[in-house]
Amino acid sequence: MNLKHSKCKTIASKSGPGPTLTFQEAAKEFGIPLESLRGYMQHHKPSPEIVCKAQGKTYYNAAEIRTWWKKLQKEKKCV
């Protein structure tokens, strides 16, 4: 899982290859604080899997994390 940063921007995951988002980028895109996203991911399983960790950042498959977030919004489990 410890790949160089340049390899973390686009990486293969269970749903196939694709772009990634850092945890910070996802929180910003969803318009919520990091702490809130962390809480949602801990309490609403299954949450997206980490695809890479590098330079102190955690990367997720962008499509997976966006789909997961939309599902939570539909279920009204988030603001």
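Predicted model: local features only at pLDDT ≥ 70, side-chain atom pairs only at ≥ 80, totals over all residues.

How are α2 and α3 oriented to each other? They are roughly perpendicular, for their axes cross at roughly 100 degrees.

**Helix α3 and its neighbours**

- Helix α3 covers residues 34–43, and its buried residues are L37, G39, Y40 and M41.
- These buried residues pack against α2 (23–30), β4 and α4 (62–74).
- The axes of α2 and α3 come within 9 Å. On the α2 side the contact is made by F23, Q24, A26, A27 and F30, and on the α3 side by L34, L37, R38 and M41.
- Sorted by class, the residues of the contact between α2 and α3 are seven nonpolar, one polar and one charged.
- The axes of α3 and α4 come within 12 Å and cross at roughly 85 degrees, which makes α3 roughly perpendicular to α4.
- In that contact, α3 contributes L37, Y40 and M41, while α4 contributes W68, W69 and L72. The contact of α3 with α4 has six nonpolar residues, with no polar and no charged ones.
- As background, an α-helix has 3.6 residues a turn, so residues three or four places apart point the same way.

**Nonpolar cores**

- In soluble globular proteins, nonpolar side chains tend to be buried together.
- The largest nonpolar core in this model has 15 residues. Those with the most contacts inside this core are F30, L37, I65, W68 and W69.
- Helices α2, α3 and α4 each supply at least two residues of this core, and α4 gives the most, with five residues.
- Leaving aside residues up to four places away in sequence, L37 touches F23, A26, A27, F30, I32 and W68.
- Another core, of five residues, lies apart from the largest one. Among its members are C8, V51, C52 and A54.

**The pair of strands β3 and β4**

- Strand β3 (residues 50–54) pairs with strand β4 (residues 57–61) in the antiparallel sense, over four bridges.
- Two partners in this pairing can be located by name: C52 stands opposite Y59 in β4, and T58 of β4 is the bridge partner of K53.

**Two details of the backbone**

- Most residues other than glycine have a negative phi, and most peptide bonds are trans.
- Q55 has a phi near 50 degrees, a positive value in a residue other than glycine.
- Q55 is located in the loop between β3 and β4, within a hairpin that has two residues between the strands.
- Q55 is exposed, with a relative accessible area of 67%. The cut-off for the exposed class is over 50%.
- Which residues are joined by a cis peptide bond? The bond joins K45 and P46, and its omega is about 0 degrees.
- P46 has its place in the loop between α3 and β3.

Technical notes: Residues numbered from 1 in each chain as written. Heavy atoms only, no water. Pairing = 2+ DSSP bridges. Buried < 20%, exposed > 50% of the residue type's maximum accessible area, 1.4 Å probe, protein only. Contact = heavy atoms within 4.5 Å. Axes fitted to C-alpha atoms, helices over the stretch in contact; angles between N-to-C directions. Parallel < 35°, antiparallel > 145°, perpendicular 65-115°, else oblique. Nonpolar A, V, L, I, M, F, W, Y, C, P; charged D, E, K, R; others polar. Core = buried A, V, L, I, M, F, W, Y, C linked by side-chain atoms within 4.5 Å.
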